[in-house]
There are 2 protein chains.
Amino acid sequence: MRLLLATRNAKKLVELRRILAAEGIVGIEVVGLADVPEYPEAPETGATFEENALAKARDAVAATGLPAIADDSGLEVDALNGMPGVLSARWAGGHGDDAANLELVLSQLGDVPDERRGGAFVSAVALVVPGHDDVVVRGFWPGRIVRKVKGTNGFGYDPIFVPDGDARTSAELGSAEKDAISHRGRALSLILPHLRALV
Amino acid sequence: MRLLLATRNAKKLVELRRILAAEGIVGIEVVGLADVPEYPEAPETGATFEENALAKARDAVAATGLPAIADDSGLEVDALNGMPGVLSARWAGGHGDDAANLELVLSQLGDVPDERRGGAFVSAVALVVPGHDDVVVRGFWPGRIVRKVKGTNGFGYDPIFVPDGDARTSAELGSAEKDAISHRGRALSLILPHLRALV
């Protein structure tokens, strides 16, 4: 079965394929937006991660007829009242400029003392399959925002996020290690039973 | 009586003098930080406007012995979960770059639809007088965030904020008109009885 992961982010494709392989789920070929004919994508203007993930997955199914998964993920910073949140990818204005986004968060938190630097990565993952009920789940990964970029793995805000119980940023974790505990790993693990039921 | 308004913002000095004059309060000479010997100012790291306003006023009294007023004000944007909030002056990273701050809010709200563009200006004003109890009050000015800069009066986020019941931005209001309804005007009016009692 082909499953469309509605993203242009090659790292997310690799991540989902890795998780399916690790779980022994065979018979699902994960493709990305680059592998299907182009279709107009609605802007992500929802107020919640769930709303955006569902809209992306529904758009993908409507355009391609393939079962589709989409995620909307971001960083919730306590001292920013939970923002950047759904605006994580465009926090500094442009879309997807990781370096600008995390530099902005660091400078916004410049005067924020250590005891108020908590935060969490959050991921909503939606699975939309023609003829089935929609599924949307949320994964949560609590931690804190450090003062300096550290690590080169991952993407987005990984280099400034230290998960609870660790001293390393999530950009210093190995891929498998991160999948097992991360927000998106947790959300995808909640989706796995629904994927298993399809093959 | 000399009263120290703990600010280097000349527009805030003019505003307070104008309000005192309009209220017929005489016998209070408002001076600013530029008019007193320099003292170390603690960074504004409080989690609330009230905390910052009180800390600034207390520092001013401790350093100068003068009765002091301080404010901490900012813009709370619903779609940003109430941010920039206490980080309003340094939202884009640097401190006090009005143009960069409001451009950043505009671009962060670029995809946010009209019905979710609500917000409010908020101002906490603290009055600290040796031998008297501290007073801290909050003024609130609800409205919405527009999509383009408009108007040249005021400062900060005035050019992108349209108060409820008006079609103009607060940067298009006249000074007296703004004082009568603005967040800081409201907060200062709550402080006036306490000032009257001093002279």
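Okay, let's start with A:Leu4: setting aside neighbours within four places in sequence, A:Leu4 is in contact with A:Val31, A:Gly32, A:Leu33, A:Val36, A:Tyr39, A:Ala60, A:Thr64, A:Leu66, A:Pro67, A:Ala68 and A:Ile69. Contact here means heavy atoms within 4.5 Å.

Quick housekeeping. This is a predicted model, where local features need pLDDT of at least 70 and side-chain atom pairs count only at pLDDT 80 or more, while totals for chains, interfaces and linings use all residues. Residues are numbered from 1 along each chain as its sequence is written, chains are lettered from A and ligands numbered from 1 in the order in which they are written, and side-chain values use heavy atoms, with hydrogens and water left out.

Back to A:Leu4. The largest nonpolar core has 84 residues, and A:Leu4 is listed among those with the most contacts inside it, along with A:Leu80, A:Trp91, B:Leu4, B:Leu80 and B:Trp91. By nonpolar core I mean a set of buried Ala, Val, Leu, Ile, Met, Phe, Trp, Tyr and Cys residues joined through side-chain atoms within 4.5 Å. Buried is under 20% relative accessible area, exposed is over 50%, and partly exposed is in between, with a 1.4 Å probe and protein chains only. In soluble globular proteins, nonpolar side chains tend to be buried together.

Now the charged pairs. How many salt bridges does the structure hold over all chains? There are 32, a salt bridge being a side-chain nitrogen of Lys or Arg within 4 Å of a carboxyl oxygen of Asp or Glu.

One of them joins A:Asp111 and B:Arg90, at 2.8 Å from N to O. That pair crosses between chains: A:Asp111 is in the loop between helix H3 (98-108) and strand S4 (118-128) of chain A, and B:Arg90 is in the loop between strand S3 (68-77) and helix H3 (98-108) of chain B. Helices (H or I, at least four residues) and strands (E, at least two) are DSSP runs, numbered from the N terminus. Buried or exposed? B:Arg90 is buried at 5% relative accessible area, and A:Asp111 is partly exposed at 35%.

Within chain A, A:Arg147 pairs with A:Asp114, closest N and O atoms 3.2 Å apart. The two sit 33 residues apart, A:Arg147 in the loop between strand S5 (135-145) and strand S6 (161-163), A:Asp114 in the loop between H3 and S4. A:Arg147 is partly exposed at 42%, while A:Asp114 is exposed at 56%.

Over in chain B, B:Arg18 and B:Asp179 form a salt bridge at 2.7 Å between the closest N and O atoms. B:Arg18 is in helix H1 (residues 10-22) and B:Asp179 in helix H4 (residues 175-181), so this pair ties together parts 161 residues apart in sequence. B:Asp179 is buried at 11%, and B:Arg18 is partly exposed at 29%.

Last stop, B:Thr7, in the loop between strand S1 (2-5) and H1 of chain B. B:Thr7 is buried, at 10% relative accessibility. Not counting residues up to four places away in sequence, B:Thr7 touches B:Lys12, B:Leu13, B:Gly32 and B:Leu33.
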